[in-house]
Amino acid sequence: MWSGHVNPSLAQVAADLAPGTALDAGAGEGADAVWLAEHGWRVTAVDASQTALDRGAAQAAARGLEVTWVQADLRTWAPAERYDLVTSHYLHAEGGRGWAWLADAVAPGGTLLVVGHDPSDLDGPVPRPHLARLGHTAAQVAADLDPEQWASLDAQVVERPHRHDGAEITVRDAVLVARRR
């Protein structure tokens, strides 16, 4: 089980947005989806693991929150609607699908937030060589998007504190925040 805490980048980005509809792609145990629902968003949370979704649904129910939970393989799943906020944390674009499908789910005027393990961090304080094929830079995600469709593309590396084996370390995330025209 994960921490149950919202990802810091989501809390930061969503703080500047008016609540609307949100898609949490690769929702896992639903901490981000639950946090968004607590802040007035109408959330659809999608993940391949029914066990993880059940844990998220239990947390939402315990707080009296409504979230739509969808079990699906994100390598092939396509949303049926567009959302004001589309967010994905540590989802890996495997199988050549890239990120454009996720960007297509963002409504006009909406925001896309993609956060992943920055490749520069794979040999960091906690070596993770097994993630080498899964990590991506924010610029690589941005390169999958049609720049004509976006009012802004902000690709950066963000350092954040992380607790590992009782020690406080710093890890680096690839963070893309894009706002659709």
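Why is strand 1 largely enclosed by the rest of the structure? In this predicted model, 5 of the 5 residues of strand 1 are buried, so the strand is largely enclosed by the rest of the structure.

- The strands form an open sheet of 7 strands, whose order is 3-2-1-4-5-7-6 and whose pairing is mixed.
- At the edges of this sheet lie strand 3 (67-71) and strand 6 (150-164), each of which pairs on one side only.
- From one strand to the next, the twist of the sheet averages 15°.
- Helix 3 (residues 50-62) lies across strand 2 and strand 3, and the helix runs at about 170° to strand 3.

**Strand 1 and its two partners**

- In a regular strand the side chains alternate between the two faces of the sheet.
- Both faces of strand 1 are covered, with Thr21, Leu23 and Ala25 on one side and Ala22 and Asp24 on the other, and all of these residues are buried.
- Strand 1 (residues 21-25) pairs with strand 2 (residues 42-47) in the parallel sense, over 5 bridges.
- Within this pairing, Ala22 stands opposite Val43 of strand 2, while Ala25 stands opposite Val46 of strand 2.
- Strand 1 is also joined to strand 4 by 3 bridges, and these two strands run parallel.
- Leu23 has Val86 as its bridge partner in strand 4.

**Strand 4 and its link to strand 5**

- Strand 4 is likewise largely enclosed by the rest of the structure, because 6 of its 7 residues are buried.
- Strand 4 and strand 5 (residues 106-117) run parallel and are joined by 6 bridges.
- Leu85 stands opposite Thr111, a residue of strand 5.

- His89 is placed in strand 4, which covers residues 83-89.
- With a relative accessible area of 8%, His89 falls under the 20% cut-off and is therefore buried.
- The side chain of His89 makes a polar contact with the side chain of Ser9 at 2.9 Å, and another with the side chain of Asp32 at 3.5 Å.
- If neighbours within four places in sequence are left aside, His89 is in contact with Asn7, Ser9, Leu10, Ala25, Gly26, Asp32, Leu113 and Val115.

**Val34 in helix 2**

- Val34 is found in helix 2, which spans residues 31-38.
- Val34 counts as buried because its relative accessibility is 2%.
- Although Val34 and Leu65 are 31 residues apart along the chain, their C-alpha atoms are separated by 7.3 Å.
- Apart from its neighbours within four places in sequence, Val34 is in contact with Gly56, Gln59, Ala60, Arg63, Leu65 and Trp69.

**The second largest pocket**

- The second largest pocket has a volume of about 280 Å³.
- The second largest pocket is lined by 15 residues, and of these the closest to its centre are Ser9, Gln12, Val13, Val158 and Val175.
- Helix 1 (8-14), strand 6 and strand 7 (167-180) each supply at least two residues of the lining of this pocket.

- Most residues other than glycine have a negative phi.
- Tyr90, although it is not a glycine, has a positive phi of about 60°.
- Tyr90 is found in the loop between strand 4 and helix 4 (100-103).
- Asp165 also has a positive phi in a residue other than glycine, with a value near 50°.
- Asp165 is found in the loop between strand 6 and strand 7.
- Is Asp165 buried or exposed? At 74% relative accessibility, Asp165 lies over the 50% cut-off, and so the residue counts as exposed.

Notes. Residues are numbered from 1 along each chain as its sequence is written. This is a predicted model: local features need pLDDT of at least 70, side-chain atom pairs count only at pLDDT 80 or more; totals for chains, interfaces and linings use all residues. Side-chain values use heavy atoms; hydrogens and water are left out. Helices (H or I, at least four residues) and strands (E, at least two) are DSSP runs, numbered from the N terminus. Buried means under 20% relative accessible area, exposed over 50%, partly exposed in between (1.4 Å probe, protein chains only). A polar contact is a pair of N or O atoms within 3.5 Å; within protein, one must be able to donate a hydrogen and the other to accept it, and residues adjacent in sequence count only if both atoms are side-chain atoms. Contact means heavy atoms within 4.5 Å. Two strands pair if DSSP finds at least two bridges between them. Axes are lines fitted to C-alpha atoms, for helices over the stretch in contact, and angles run from 0 to 180 degrees between N-to-C directions. On a 1 Å grid over the protein atoms alone, a cavity is a set of points where a 1.4 Å probe fits but cannot get out, and a pocket is an open set with protein on both sides within 12 Å along at least five of seven lines; lining residues have an atom within 4 Å of a point. Grid points are joined across faces, edges and corners, and a volume is the space filled by probe spheres set on the points.
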